[in-house]
Amino acid sequence: MKILILGATGAAGGSLLDVARRDRRVAEIRTISRQPIEGAATRETGYLHSDLFDYTAIAAAFRGLDAAFFCVGRSVTQVGDEVEYRKLAWQAPQVAARALADGSPAAVLHYLSGQGASRTSPQMWARVKAEAEMILMERHGAVCWRPGAIDATRTAGWPFFYRGVIRAMRYVFPSRRYYVRGEDLALAILEVASENVRGRIYENPEIRALADHARKRPEPNP
């Protein structure tokens, strides 16, 4: 596979990058980030770019791909209001989806949503994420991921309190419904991407089950 990761310095995107570097099915990795990413492999190309609403300058990053992963995001506690949150969680992934459709019409977009996303939720972030899911699936056949609390080593963009929450969940509440290691989320995403699945939502229990399955799968021959 040839893949593109947007948001490769965060918990989900960073975990995906780390696992993809070890996955023999991944022939090429591209990343889009504001800052250089350390440890780049020989089959990896990094694009420095900060505008989530215009990819014209780096259109080449979207060409010849099999899948792209939109893992850009911030906690609702770090965003000023619904207008700003909607721009990041609703508008930005649509811009990326259009760039992918232009550069790689057969590729699949994977969108990092969140557990509890629902158009009828009383929580603003959950409604916005659910609306984004619906549009991305309808227009682009996107795959949407709804992980619970992500326990990861890369933590760029995390709220200050999140590390403490994760440490507590690691020992007190490692539920298959509410908790997932970043590595397991990445394993699940790559497993689904390798099968070219489209138009699907994955909740946390299924993400954990997919990771278990991926660990049991024999490694492909080099």
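Two strands are said to pair if DSSP finds at least two bridges between them. Helices (H or I, at least four residues) and strands (E, at least two) are DSSP runs, numbered from the N terminus. The model described here is predicted, so local features need pLDDT of at least 70, side-chain atom pairs count only at pLDDT 80 or more, and totals for chains, interfaces and linings use all residues. Residues are numbered from 1 along each chain as its sequence is written, and side-chain values use heavy atoms, with hydrogens and water left out.

The protein contains six helices and nine strands. Of its 222 residues, 52% count as buried, where buried means under 20% relative accessible area, exposed over 50% and partly exposed in between (1.4 Å probe, protein chains only). Contact means heavy atoms within 4.5 Å. Among contacts in the protein with a separation of 6 or more, 70% come from residues 24 or more positions apart.

Seven strands make up an open sheet with parallel pairing, in the order E3-E2-E1-E4-E5-E6-E9. Strand E3 (44–48) and strand E9 (200–203) are at the edges with a single partner strand each, so one side of each has no neighbour in the sheet. From one strand to the next, the twist averages 15 degrees. Strands of a sheet pair through backbone hydrogen bonds, either parallel or antiparallel.

Within this sheet, E1 and strand E2 (residues 28–33) pair in the parallel sense over five bridges; Ile-3 has Ile-29 as its bridge partner in E2. Four of the five residues of E1 are buried, so E1 is largely enclosed by the rest of the structure. Strand E5 (residues 108–112) and strand E6 (residues 143–146) also pair in the parallel sense, over three bridges, and the partner of His-110 in E6 is Val-143.

Apart from neighbours within four places in sequence, Tyr-47 is in contact with Arg-30, Thr-31, Ile-32, Ser-33, Ile-58, Ala-60 and Ala-61. Arg-30 is 17 residues from Tyr-47 in sequence and 7.5 Å from it in space, C-alpha to C-alpha.

Two helix pairs were examined. For these, axes are lines fitted to C-alpha atoms, for helices over the stretch in contact, and angles run from 0 to 180 degrees between N-to-C directions. Angles under 35 degrees count as roughly parallel, over 145 as roughly antiparallel, 65 to 115 as roughly perpendicular and the rest as oblique. Helix H2 (residues 82–103) packs against helix H3 (residues 124–140) at an angle of about 15 degrees, with the axes 10 Å apart. H2 is therefore roughly parallel to H3. Residues making the contact include Tyr-85, Ala-89 and Trp-90 of H2 and Trp-125, Val-128 and Ile-135 of H3. By class, this contact has 12 nonpolar, two polar and seven charged residues; Ala, Val, Leu, Ile, Met, Phe, Trp, Tyr, Cys and Pro count as nonpolar, Asp, Glu, Lys and Arg as charged, and the others, Gly among them, as polar.

Helix H5 (residues 182–194) lies across strand E1 (2–6), strand E4 (67–70), E5, E6 and E9, and runs at about 165 degrees to E6. Helix H6 (residues 204–216) lies across E6 and E9, at about 85 degrees to E9. H5 and H6 pack at about 75 degrees with their axes 8 Å apart, which means that H5 is roughly perpendicular to H6. Among the residues in this contact are Leu-185 and Ala-188 of H5 and Ile-207 and Leu-210 of H6. The contact divides into eight nonpolar, one polar and five charged residues.
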